[in-house]
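Here's a quick briefing to read alongside the coordinates. Have the viewer open and click along as you go.

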Amino acid sequence: MAQDGNGGAGETVLAAGGQPEWVPEGIDLGTPSVARMYDYALGGAHSFAVDREFFRAMEVAIPEARMMFRANRAFMHRAVRYLVDQGITQFLDLGSGIPTVGNVHEIAQQAFPAARVVYVDIDAVAVAHSRMILADDDRATAIQEDLRNVEAILDHPDTRALIDFGEPVGVILAAILHAVPDEDDPYRIVATLREAMCPGSYIVISHATADSRPEDVRIAEKVVRESRAGSAAVRPRAEVLRFFEGFELVEPGLVWTPQWRPYRPQDVGEHPERLVTYAGVGRRT
């Protein structure tokens with residue numbers, strides 16, 4: 001059950017100062033977090049009242065918001081399994097968020113126990129909880145860094161300790177690039193990652209768009225801006241495709257999240273476009 005951090009629902013263990021034990025010092029409990037909101041949408045237990053209010057406002061704009069987040073997570077799961085089947089055994093998960101059931105290292109290590117994973121997020125709660133979960137796993141770690149500082153991520157000693165960029169790597173950018181506005185040049189970020197990846201590596205991208213529901217998505221963008229939780233830069237399909245320059249798109253190409261290699265036809269649903277998220281996987285050529 002999600003906790004409000006103020007003695008609300010559930011059995012929260014409080015540290016000194018009245019905050020839950022899992023909350024790092026200095027966290028602003030008055031500003032919502034996309035990572036915590038996403039965790040709440042997935043049924044996680046690391047959100048505050050302000051995060052849940054943020055999610056409810058998002059649901060007003062897009063009533064399928066919970067389904068949208070879950071479909072994105074399911075796409076990431078399928079993509080990781082696909083990459084392991086292609087021989088990828090090391091992963092860099094950027095904008096990884098708060099760990100929930102079925103993390104990248106869990107999926108990858110089920111198939112290949114020696115798989116290595118580096119999680120990266122800007123949110124201190126996400127990183128603190130990730131480190132707690134990974135305390136006994138010397139093949140996975142989490143670092144706190146801003147995606148816009150991509151060189152610092154690539155050069156981080158924890159990244160270098162686990163990721164050998166001389167071998168194929170899986171880079172995951174699930175539902176994070178639309179948080180990078182154009183002025184911060186997200187294409188430069190992806191290009192920098194691409195140049196660090198050797199041929200045979202893969203990139204996994206999901207990205208929100210207004211193509212199918214322009215009015216609803218614009219309202220959702222306004223919710224994000226007014227919440228002060230971050231930026232929202234949804235992009236049309238052509239602009240999302242640009243992120244795959246230098247990569248060969250894996251079949252079925254860039255599609256709606258439920259359409260990317262579903263396990264069962266019924267998992268796609270009648271209107272996957274209602275989930276307003278494109279998804280694709282590319283192989284470094």
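Contact here means heavy atoms within 4.5 Å. By that rule, Glu-64 touches Arg-213, Arg-274 and Leu-275, leaving out residues up to four places away in sequence. Keep in mind that this is a predicted model, where local features need pLDDT of at least 70 and side-chain atom pairs count only at pLDDT 80 or more, while totals for chains, interfaces and linings use all residues. Residues are numbered from 1 along each chain as its sequence is written, and side-chain values use heavy atoms, with hydrogens and water left out.

**Where Glu-64 sits**
- Glu-64 is in the loop between helix H2 (49-61) and helix H3 (65-85); helices (H or I, at least four residues) and strands (E, at least two) are DSSP runs numbered from the N terminus.
- Its relative accessibility is 18%, so Glu-64 counts as buried (buried is under 20% relative accessible area, exposed over 50%, partly exposed in between, with a 1.4 Å probe and protein chains only).

**Nonpolar cores**
- A nonpolar core is a set of buried Ala, Val, Leu, Ile, Met, Phe, Trp, Tyr and Cys residues joined through side-chain atoms within 4.5 Å.
- The largest one has 32 residues, and those with the most contacts inside it are Leu-92, Leu-94, Leu-147, Val-171, Leu-173, Leu-193 and Ile-203.
- At least two residues of this core come from each of strand E1 (90-94), strand E2 (116-121), helix H6 (150-155), E4, H8 and strand E5 (202-208).
- H8 gives the largest share of this core, 4 residues.
- Apart from that core lies another, of 28 residues, including Ala-115, Ala-140, Tyr-202 and Trp-260.
- Back to Leu-92: among the residues it touches, not counting those up to four places away in sequence, are Val-118, Val-120, Ile-153, Phe-165, Val-171 and Leu-193.

- As background, most residues other than glycine have a negative phi, and most peptide bonds are trans.
- Ala-175 isn't a glycine, yet has a positive phi of about 55 degrees.
- You'll find Ala-175 in the loop between strand E4 (170-174) and helix H8 (186-196), and at 24% relative accessibility it counts as partly exposed.
- Val-276, also not a glycine, has a positive phi near 50 degrees.
- Val-276 lies in the loop between E7 and strand E8 (277-284), and with 2% relative accessibility it counts as buried.
- Glu-251 and Pro-252 are joined by a cis peptide bond, with omega about 10 degrees.
- Pro-252 is in the loop between strand E6 (247-249) and strand E7 (255-256).
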